[in-house]
Amino acid sequence: MGLVRTPSMQSGDYLEGMFRDYVGGKTKVRPPKSSCARLFTMFTYLQFACAIYVTFLVYYVSPTIDLRTKPDFSWATRIAKHWSQFITQPHVVSHYQEAANFDFSSPSEVCEKETIDFVQKKSNDEQMIRIKRELYDGVLEFQKKSFGAESLPELMKMKSKWGQGRIPKITVILNHFKRKTLCAQLESLLHQTVPFHNVWVLSFGSPNELNLRRIVQSHNDSRISFVSSSYDFKYYGRFQMALQSDADFIYILDDDMIPGKKMLEILSHVAGTDKYKNSVLGSIGRILPFRQKDYTFPSYRKFRSKEAGLYLPDPAYGITVDRIVQVDFLSSSWFLSSDLVKTLFIESPFTFMTGEDLHLSYQLQKYRNAGSFVLPVDSNDKDTWGDSEHRLAYISETTVIFKDIVQVRDEQWWRALSTGYMTQWAAMYPQKIDALFYAHSVKEVMALAPLLEQFRATAGKKAYIVVSGGHFCPCEDAADALKWPRANCRERRFKIFDLSIGAIGGTSDSSVPVVQAVYSSMKGLMKIHNPSVVIAVADVDPNVREALNMAIGSNSNSTTLVLLPRPSIPKVFFMADIRSTALPNWNRMRITINIITQNRATSLQRLLRSLSNAYYVGDEVKLTFNMDTQVDEETLRVVNAFPWPHGSKILRRRIIQGGLIRAVSESWYPSSNDEFGLLLEDDIEVSPYYYLWLKYALLKYHYDPQVSLPELSSISLYTPRLVEVVKERPRWNATDFFKRIHPNTPYLHQLPCSWGALFFPKQWREFYTYMNMRFTEDAKQNPVQIPRSRTNGWQASWKKFLIDMMYLRGYVSLYPNFPNQASFSTNHMEPGAHISAKDNVVKHSKVDFEVPLLQRDFRELLPAGKLPPASKLPVINLFNQAMSLKGLKAAGAKLVQDVLRCSETEVVVVDHETGKPLRCARF
C-alpha cells in the first residue's frame, strides 16, 4: 500500500526545502551535506520504511480484518525494497530533481469526466409504476404513523448538536476503481457549506491508480490523501480504513456518487439530532422483499413483482424521496458516527465479495439498535441531493446485476432475516406464532421434534425451530433429524432458522460469542414473530439458557421461556391445544401440594410414591406436610426422610390438637392470585398424569383471557361414583350420564371434592372468611339449610361449609370423566377421622369410592383429543341434575341465607384479595 502526500505535506529530508528555494521567486544554492548528515538521513529513512512495513503487517493480522482470501503482502516488501534502493543511492539527487518526480499539473489538466451518453431511464410499464408507487406509499404511510417521517425542511428545523458555529470533524472516504468521477467528487467536497476534516481517496487494485494519484496531487490540499494497494480489498476495505479515523463522522462514497454542496451540512445536522444520532444515513437504499401469497419470499431482483421490494429513490418509476424513509440497507453512500463503523465487523460477513451494504445495516440494527435512513431532497435544489447525477447508478459495468451475484445477495439478506433482522416488511406486518423452538444440538432437535410436529399438525397453530448452526448443530443435520428435506435450510420460507453460531469471530473456547450470537439473533426473531413461548430442553447449555432469558427479557411482548425435561416432552402435547393468548402463562401458575397426615405412615408412603412418579414438566412445586400435635414417630420419620426434588419441602405441626376440620381448612392459604392449593389426605393416591391434568385445565379455563368462567373455584382429580349429598346415596356414572354429549367429556359440578382437588386462591380466601363467619360447633345452629341435602346435618366437616358457600354463590368444580370412572386420584377409604369413626353411622364400601388410576395419556380419551371449550362443558347441580350456571345462581339466591341479606335475584360479591363480602349484585 502506498501513501503519497501532496507537495505541501513536507515530511523528512525527502521533501525538505522542495519549495523553500522558490521563496521570493529566487533560487538559493545550498551547501552539500556532510557525510554525517547523509548517514543520519539514511538511518531516518530506514526507520521510516521499517515502521511502515510493521504497521501494515500488524494491521492486517489484527482481528479488525478477517479476510476470506489471504492477502498478498508482497506490496509491503516492494515498498521496503524501494526505500532501500533510494537510501543506498551512490550519489546525491538534487532537490530540483526530487521535485520533478511529482506531478504539478492543475486539476483541469489531469481530470477526466465520466461519459453519460443516455438519458435517465423511465419505465412505461403502467402496472409496475402503480405497484411500486402503492408499495412506497404504503411504507411511507406506515412510517409516518409509527415514528414520523420528516421532510427536509422539518429535519433542518430539528434541534441538533451541530450547527451555530459547531462544526463536526468529517472524514470522507472515496473508493475508486474504473469510473472517472474523482474530480467531480472532489470539486463538490471542496465547495461544501460545511467543510470536511479530511478526504481519503482509495485505490485498491485499480487499473487507474496512476491517474487517480495525479488527480489527488493536482489538488495540492493537505486534507486530501491517496491510499493505494495492488491488492483489491473490495467493498470492505474502505470500512476497514474508516476504523483508523479520529473524526466524529465517516462519509463513505462510491465512485458513482457526486454529492450536492449542502450534503455535509444536511447529514451532520440530521446525525446530530436525538432522533437520528444512532443511525446510518444515505441517499440511496433498498427495502427488501415482502412475503408472497405462497408464504415464500422472492428474489430482491424479481421482475414485475410487488413483493420484490423497493429501490429508493427510483426515477425509473417516478419515485423521489421527499420525506426521510427507513430502509433495510443503504447503497452507494453511508454517513455514520465513527463509533458505529466497528459494528460492521462484529460478525464475519457472509462473503467479502459483495453485500457490505446489507451487512452494515444488519449489524447496526442487531447490535446497536441503529436504523438505516434515506434522506429526503429538495427536488428543485440539486445541492441537497446525495447523488446529483443518478444516471451513474445505471451504468451496467459496475452495477450488481449478474445472476450469480444476485443469488449470493439473496442468500445474504435471507440469512439476515432468518437471524433476526427486522426488515420493513417485518415491521409493517407483525407476525404472531404460538411457539419458537430452540435447539443447540442435533440431540436437542431430536428431543423436541415430537412436540414441534404436534404444533405443526394442529390446525391454526404456527411453530418454527431455531438451530444454532455452525459446528454445534448444522442446519442440514437438524433437517435430517426432523425428517425434513435439506432444501428447507435454503428455502426462503419460515420453517427452520439457522443462526450459524461461530460467525462471530469463528470458533472460540469462550462462552461470550455464543451468548452474544444467541441473544442478539433470538431477540430479533422474537421481535419479528412474537411467539407465545420459546421452548427448549431443560438441560440446554447454561450459557444458551442465559442468552434466551436475556432475549426474552429485552422484548416487550409476553413471550415465556419454557424449559422442558426431555422425558416430559411427549407428555405435554396438550400445549398445542392451548390458545396462544394463554400459553405465555405456562410458568405463571404455582401449584402447592398440601398433605394432611397424622398417624398413617404406610398410607402416607403410598401417597408419596405416587407423587414422586408423576410428571411435573420442569415446574417448581412446593410440598407442605400438615401434622397435628399427636402425630406418631413413624410418620415423622417418613416425612423427614422424604426427598422432594421439585421444590421446597415444608413441615408444619400444630401445638394444640385442632382436629380434621382445622387441619384441612388451615393447611393452605394463598400467597398470590397465581398460587393454587392441592389438598391431599394421606389415604389418597394419585395418577402419574394428575399434574398434567391440572396444568392443562388451568391454562384452558383459567389463564386464557378469552375465556370467562368466574364460577370455577376448583379442579377435582377424582370422579365420584355416588350422589353423596342425598340420603339414599344412589350410584351415578358420569360416562353414561353424558353419553349424548360425549361419554368422556369433563363437566362442571356444584359439589367440591375432598379426595384430591386443586383450589383456586380467590375462592379459597372467600371460603376462609365465610367459614369464619359461619362456623359453629353445633351444626343445627348453621342458618344454611339446603333443601333435601344430607349435608345439613354434617358436623365437624370443613367440606359442609364449602358446599354451602358454593351453593349460595353458584360456584362449580371441574371434574374428569373417563371410562370406568378412572381418575387422577383415588380414595383408599382407610380408617380415620370420618371413615369407621364411632359416631359415623354411614357405611362406606370401598367399591363405591375406590376408582382406578389413569396410567396413560388421557388426551386421546377426551372429545376430539382435547379439552372442550368452556362454553361446551356440561353443568350439573349439587344433586347431579343438569342445570345452567345461571340456574345454579338462581337456586342459591332463592335461599336468601348468605352472610349478606340479598334479594332472590342477587348474589354476594366479595373482595377477592381479602375474601370479605362487599355487596349484593344481580347475576
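Reader: Where is the place of Arg 566?
Author: This is a predicted model. In it, Arg 566 sits in the loop between strand 17 (560-564) and strand 18 (590-597).

Reader: Is Arg 566 buried, partly exposed or exposed?
Author: Arg 566 counts as partly exposed, because its relative accessibility is 31%.

Reader: And what is Arg 566 in contact with, leaving aside neighbours within four places in sequence?
Author: Arg 566 is in contact with Lys 443, Glu 444, Ala 447, Val 537 and Asp 539.

Reader: Which helix does helix 15 pack with, and at what angle?
Author: Helix 15 (residues 442-457) packs with helix 16 (residues 475-482) at an angle of about 45°, and their axes are 9 Å apart. Angles under 35 degrees would count as roughly parallel and 65 to 115 as roughly perpendicular, so helix 15 and helix 16 are oblique to each other.

Reader: Left-handed or right-handed, that crossing of helix 15 and helix 16?
Author: Right-handed.

Reader: Which residues make the contact between helix 15 and helix 16?
Author: Helix 15 contributes Val 442, Val 445, Met 446, Ala 449, Leu 452 and Glu 453. From helix 16 come Asp 477, Ala 478, Ala 481 and Leu 482.

Reader: How many of those are nonpolar, polar or charged?
Author: Eight residues in the contact of helix 15 with helix 16 are nonpolar, two are charged and none is polar.

Reader: Now another pair. How do the axes of helix 12 and helix 13 cross?
Author: The axes of helix 12 (residues 356-368) and helix 13 (residues 403-418) cross at roughly 5° and come within 10 Å. Helix 12 is therefore roughly parallel to helix 13.

Reader: Which residues meet there, in helix 12 and helix 13?
Author: On the helix 12 side they are Asp 357, Leu 358, His 359 and Tyr 362. They meet Arg 409, Gln 412, Trp 413 and Ala 416 of helix 13. By class, the contact of helix 12 with helix 13 has four nonpolar, two polar and two charged residues.

Reader: Changing topic. Which residues of helix 7 are buried?
Author: In helix 7 (residues 182-190), the buried residues are Leu 182, Cys 183, Gln 185, Leu 186, Ser 188 and Leu 189.

Reader: What covers the buried residues of helix 7?
Author: The cover includes strand 2 (170-176), strand 3 (198-204), helix 8 (209-219), strand 4 (224-229) and strand 5 (249-253).

Reader: And what comes in the loop between helix 7 and strand 3?
Author: His 197 is in that loop. With a relative accessible area of 30%, His 197 is partly exposed. Not counting residues up to four places away in sequence, His 197 touches Lys 169, Ile 170, Thr 171, Arg 223 and Asp 246. His 197 and Val 172 are 25 residues apart in sequence, and their C-alpha atoms are 7.9 Å apart in space.

Reader: How many residues of helix 9 are buried?
Author: Seven of the nine residues in helix 9 (residues 234-242) are buried, so the helix is mostly covered. The buried ones are Tyr 236, Gly 237, Arg 238, Phe 239, Gln 240, Met 241 and Ala 242.

Reader: What phi does Ser 500 have?
Author: Ser 500 has a positive phi of about 50°, although it is not a glycine. Ser 500 lies in the loop between strand 15 (496-498) and helix 17 (512-529). Arg 729, also not a glycine, has a positive phi of about 45°. Arg 729 lies in the loop between strand 23 (712-716) and helix 23 (734-737), and is buried, with a relative accessible area of 19%.

Reader: Stepping back, how many helices and strands does the protein come to?
Author: 27 helices and 30 strands. Of the 923 residues in the protein, 56% are buried.

Notes: Residues numbered from 1 in each chain as written. Predicted model: local features only at pLDDT ≥ 70, side-chain atom pairs only at ≥ 80, totals over all residues. Heavy atoms only, no water. Axes fitted to C-alpha atoms, helices over the stretch in contact; angles between N-to-C directions. Helix = DSSP H or I, 4+ residues; strand = E, 2+ residues; numbered from the N terminus. Parallel < 35°, antiparallel > 145°, perpendicular 65-115°, else oblique. Left-handed = near helix turned anticlockwise from the far one by under 90°. Contact = heavy atoms within 4.5 Å. Nonpolar A, V, L, I, M, F, W, Y, C, P; charged D, E, K, R; others polar. Buried < 20%, exposed > 50% of the residue type's maximum accessible area, 1.4 Å probe, protein only.
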